[in-house]
Amino acid sequence: MTLDGWTVVDVDPKNGGTASLAKLTVDYELPATRTHHTASGPDSLHFIYRADPTRPLKPKPLDPSRYPGIDIKTGRGSLIVAPGSVIGGKRYEVVSGCEPVVAPPWLSEIQQAAHPGHSRCALPYPVRGLRWPPWRHEPGRAPGTASGPPWP
């Protein structure tokens, strides 16, 4: 199934995910939701949540320095295998058949803090055609003749 409208917390024990999950559950309350074992083994888990459109997550590691081995899977480019599927001789199994709940808000807070990118300093207006720095050219003045920055 594609993950458009869904968020999956992927715990990979080969990359430290089991220890990270233990730390995450001490630091935060992990709400009960649909959960699968993956073909990587019984410690490899997918926690399946409904995506929260007000707190979008990116398909990338949650926070590789604090929680290595825990990745977020979401969006049209990500897939999750249905329970009962067999990959490499190992079966995906349902651990908890709960209805998926909305992803907890702290997931996006952790991910944004770990991957700040440009979203924290986004401008409230489009930047197309913006000359930077803006004081280098003022309408009506020859380029390079502006006095300097508009602040003291």
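**Stop 1: confidence**

Colour the chain by pLDDT, since this is a predicted model. The mean pLDDT of the protein is 78, and 70% of the residues reach 70 or more. Select helix α1, where confidence is highest, at a mean of 95, and then strand β5 (residues 86-87), where it is lowest, at 74. Next, select residues 118-125: pLDDT stays under 50 here, and the model has zero contacts beyond four places in sequence for this stretch. Residues 130-137 also stay under 50, but the model has 11 such contacts for them. Where pLDDT is low, the predicted coordinates should not be read in detail.

**Stop 2: the nonpolar core**

Which residues touch the most other members of the largest nonpolar core? Select V9, L24, F47, L62, I70 and L107, which hold that place among its 16 residues. The elements giving two or more residues to this core are β1 (2-11), α1 (17-27), β3 (41-50), β4 (70-79) and α2 (105-114). Now centre the view on L62. Beyond four places in sequence, its contacts include L24, I70, I72, L107 and I110, and also D71, Q111 and H115.

**Stop 3: threonine T33**

Move to T33, in the loop between α1 and β2 (34-38). Is this residue buried or exposed? T33 counts as buried, because its relative accessibility is 2%. Display its side chain, which reaches the backbone oxygen of I48 at 2.5 Å and the backbone nitrogen of V101 at 3.1 Å. Among the other residues in contact with T33, leaving aside neighbours within four places in sequence, are F47, Y49, S96 and C98.

**Stop 4: salt bridges**

- Select K73 and D10, whose closest N and O atoms are 3.6 Å apart. K73 lies in strand β4 and D10 in strand β1, so the pair ties together parts that are 63 residues apart in sequence. K73 is partly exposed, at 25% relative accessibility, whereas D10 is buried, at 10%.
- Select K23 and D27, with closest N and O atoms 3.0 Å apart. The two are separated by about one helical turn because they are four residues apart in helix α1. K23 is partly exposed, at 38%, and D27 is partly exposed, at 35%.
- Finally, select D63 and R66, where the corresponding distance is 3.9 Å. D63 is buried, at 6% relative accessibility, while R66 is partly exposed, at 34%.

Conventions:
Residues numbered from 1 in each chain as written. Predicted model: local features only at pLDDT ≥ 70, side-chain atom pairs only at ≥ 80, totals over all residues. Heavy atoms only, no water. Core = buried A, V, L, I, M, F, W, Y, C linked by side-chain atoms within 4.5 Å. Buried < 20%, exposed > 50% of the residue type's maximum accessible area, 1.4 Å probe, protein only. Contact = heavy atoms within 4.5 Å. pLDDT = per-residue confidence, 0-100. Polar contact = N/O pair within 3.5 Å; in protein donor to acceptor, adjacent residues only side chain to side chain. Salt bridge = Lys/Arg side-chain N within 4 Å of Asp/Glu carboxyl O.
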